[in-house]
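Please find below a colleague's note on the model under review. It is arranged as numbered points, each of which may be checked against the coordinates.

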Amino acid sequence: MCWTAKSFIRGLSYSVKYCSKDNHLQKIRLYSKLKKKKCHILDWSGSTVPPGSILPWRFFSCKEGTEIPCKRKKIASITTPELLYKDLLKSEQKNWNEISGRYKAMAKRIKKKIEELHKKYTLSSESPRIKVGESVYFEENGCIFLSKADDVDEGNVRILFSAEDLGFDDAFIQRIRISPDQRYMATSLKSENSEEATCVVMKFGDFPVVEKVIPNVFSFEWVTNDVLYYTSQKNLKCQDVFMTTFTKQKHTELVYTEQDARFFVDIYCTKDRRFLTINSNSKTTSEVWLVDCRHPFKSPVLVQARTKGVIYHIEHRNDELYILTTYGEPAEYKLMKAPVSSSGMENWQLVYALEEKTKLIDLEMFSDHCILFLQNAGHLYLNVISFVSHSVQSIKLPAWACAFELESHPEHTTSTCYFQLTSPVHPPKRFAYSFKENNLIEQAVQEVPIITNCHTTRLLAKSKDETLVPITVFHNTNSKELHRKPLLVHVYGAYGIDLNMSFKEEKLLLIEAGWILAYCHVRGGGELGHSWHKDGCQHNKLKGLHDLKACIMLLHELGFSQPKYTALAAASAGGVLAGALCNSNPELIRAMVLQAPFVDVLNTMMKTHLPLTIEEQEEWGNPLADEKCMKYIKSYCPYHNIKPQCYPSVFITAYENDQRIPLTGVIQYVQKLRKAALDHAGRTKKKGNWIPNIILDIQANGSHCDSSWEDSLNEVARQLAFLKKELEDV
């Protein structure tokens, strides 16, 4: 329904180690306000999606044994690893129960303040709306409603779907697709405790009825009024595409299978609904097949055979394919085109190329225009390409803006594109670009107060190899003696994914309390384009660590806090660099907060039976095939470099249902780290020797991708309570 390059560019980097909890992609998916996940302090970015080692580019997404009745046999069937896991889990749960009380009162106060800010700054936000002809579809609290475009604000709505009424009590609505003639609606539902999604197909009439329920679906699209294509998901992988019909003779058949385990498949309809694209992507290479929506039963046609290192994605306009690709030099994204009838790479013609060190954040296609949201030197730009006049207009967006989001699903022929600008401490502000007027319009109505007491600073830190690394810093304009203020540093640095710079209530809470926030855009992420990621993956991973160290040292040199008031925050794959810094330079920070962290790269990449390990080789390397790679991973792997020394305090949140980061590895990391810290304290035996708090908070609910609003709020309150005690009570 929409083409969001932010998601597919990040998506090419999505993996077992990373999944966002707070970037909603409202254009293509609808969420319940009460049930949606909002990951707070650790700044995830990318999309909130079900499994898959990469996001589909358009989301811009062992058998159980037979039960043995004999009790003795049942006990005997439990393996040693299972017993070990149970013992480890029980030990950490007991430890948490003993120490959690010290944070309870403060966490309760923090939670109350965050809830107040949430009401103040996000209460007026609308559910995203999908317009199809004269009809508008939107979601509220797990229900899907229909209204006429002119009546949507008058309360004249009809309920079409209720997740609770269908028995999906703990699920949230994830994605919606409406058939062209609006007779059918396909909706995916997912529980916060699982990465498996279920697609429910409804047939409209006097009373909407359930036509079909399809388990384990990742992406789906209506090709015609009664033909639905969908991808099947198994064990965190997506490699099969099916077609199901809703004609009198209903049937389902397999239309495409990806044989290479490195590739993940998803589907998308072009904006003009001329083609369905079957997109098969690895971390570094992609391949697209087209299904003609006028002839849905014909076999898919290949656009361009996969070429190592070349990523490409397809849109369509006036019988031409528009191709966003890394093909050619420099190997950054560029927009090209080719005739539908001659789509091979040899016929690709350049339409628009990005400037050096410019990041393509998002791209949206319209009938006569293309809008690109770009980032250069930390500033956001809007470039509008006119396919009619062949002109390009560039508009610099407000300096405070750090992130954007398209406000609603834009129609292909619309004359205005609406979007929001935001930053970690600035609530979303509405803007619109008018194609007719050829200008940017700032929306006059302000539904939330404007933040005026926060200063934004953009810095460049010189890394070990002289590379300049961007840092974005926020602090209260009224703060004095910044060197005495707590500093919270954020890092990710993997898969070409940017740090999430969208608004979070708790960030504003920290700013109001005098804290400093710093976002380190290290190599391995995507802030400076495709090459920025490439320069920080596989045999370049240590560059990200050097970048992070340089960033923190520069902040301290410039008077932004000092080591004893500094904390480091990271999530998922960000745990690699955070954990590595904790081992190599623990003196730079006082505390560290990690969420579902990836902390054992070596052992994970040695286990090819895990569902996503093979795909991950393009990011981390293959230690089984390359001894140098094994030694290199071991040189920075957080788990393998723990040693007796003075460590910072560490607070880790993990999930029992995490299919991407196995809980056993996190527990083993925590216990090894705790032992090393205690061994060091025992050896030095200095008077008043400081022993770090190393805490693991294991959540029974939630998963790597999703938790309920209430669970997430409790998590962030505990994390902030930990940080405040560590940094403010020094």
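1. The structure is a predicted model.

2. Four strands make up an open sheet whose order is β25-β26-β27-β28, and the pairing is antiparallel.

3. Between β27 (residues 426-434) and β28, the antiparallel pairing extends over 4 bridges. Within this region, serine 434 is found opposite asparagine 439 of β28. In general, the strands of a sheet pair through backbone hydrogen bonds, in either a parallel or an antiparallel manner.

4. Across the whole structure, 24 aromatic pairs are found. One of them joins tryptophan 222 and phenylalanine 246 in a tilted arrangement, with 5.6 Å centre to centre and 50 degrees between the planes. Tryptophan 222 belongs to strand β9 (residues 217-224), whereas phenylalanine 246 is in the loop between β11 (237-245) and β12 (252-257); the pair therefore ties together parts that are 24 residues apart in sequence.

5. An edge-to-face pair. Phenylalanine 373 and phenylalanine 419 form an edge-to-face aromatic pair, 5.0 Å centre to centre and with 75 degrees between the planes. Phenylalanine 373 lies in strand β22 (residues 369-376) and phenylalanine 419 in strand β26 (residues 416-423), so this contact ties together parts that are 46 residues apart in sequence. Both residues are buried: phenylalanine 373 has a relative accessible area of 2%, and phenylalanine 419 has a relative accessibility of 0%. Strand β26 is also a member of the open sheet described in point 2.

6. Further ring interactions. A cluster linked by ring pairs comprises Trp96, Tyr103, Phe651 and Phe722. Two cases of a charge over a ring may also be noted. The charged end of arginine 306 sits over the ring of phenylalanine 263, at 3.9 Å from its centre. The charged end of lysine 541 sits over the ring of tryptophan 620, at 4.1 Å from the ring centre.

7. Helix α10. How many residues of helix α10 (residues 613-620) are buried? The helix is mostly covered, with 7 of its 8 residues buried. The buried residues are Thr613, Glu615, Glu616, Gln617, Glu618, Glu619 and Trp620. The elements covering them include β11, α6 (530-534), α7 (541-557), α8 (574-584), α9 (601-605) and α11 (627-636). Just after α10, glycine 621 adopts a positive phi of about 100 degrees.

8. Arginine 674. This residue lies in helix α12 (residues 663-684). A polar atom of the side chain of arginine 674 lies 2.9 Å from the backbone oxygen of isoleucine 694. When neighbours within four places in sequence are left aside, the contacts of arginine 674 are Glu92, Asn95, Ile694 and Ile695.

Technical notes: Residues numbered from 1 in each chain as written. Predicted model: local features only at pLDDT ≥ 70, side-chain atom pairs only at ≥ 80, totals over all residues. Heavy atoms only, no water. Pairing = 2+ DSSP bridges. Helix = DSSP H or I, 4+ residues; strand = E, 2+ residues; numbered from the N terminus. Phe/Tyr/Trp six-rings, centres within 6.5 Å; stacked < 30°, edge-to-face > 60°. Buried < 20%, exposed > 50% of the residue type's maximum accessible area, 1.4 Å probe, protein only. Lys NZ or Arg CZ within 6 Å of the ring centre and 35° of its normal. Contact = heavy atoms within 4.5 Å. Polar contact = N/O pair within 3.5 Å; in protein donor to acceptor, adjacent residues only side chain to side chain.
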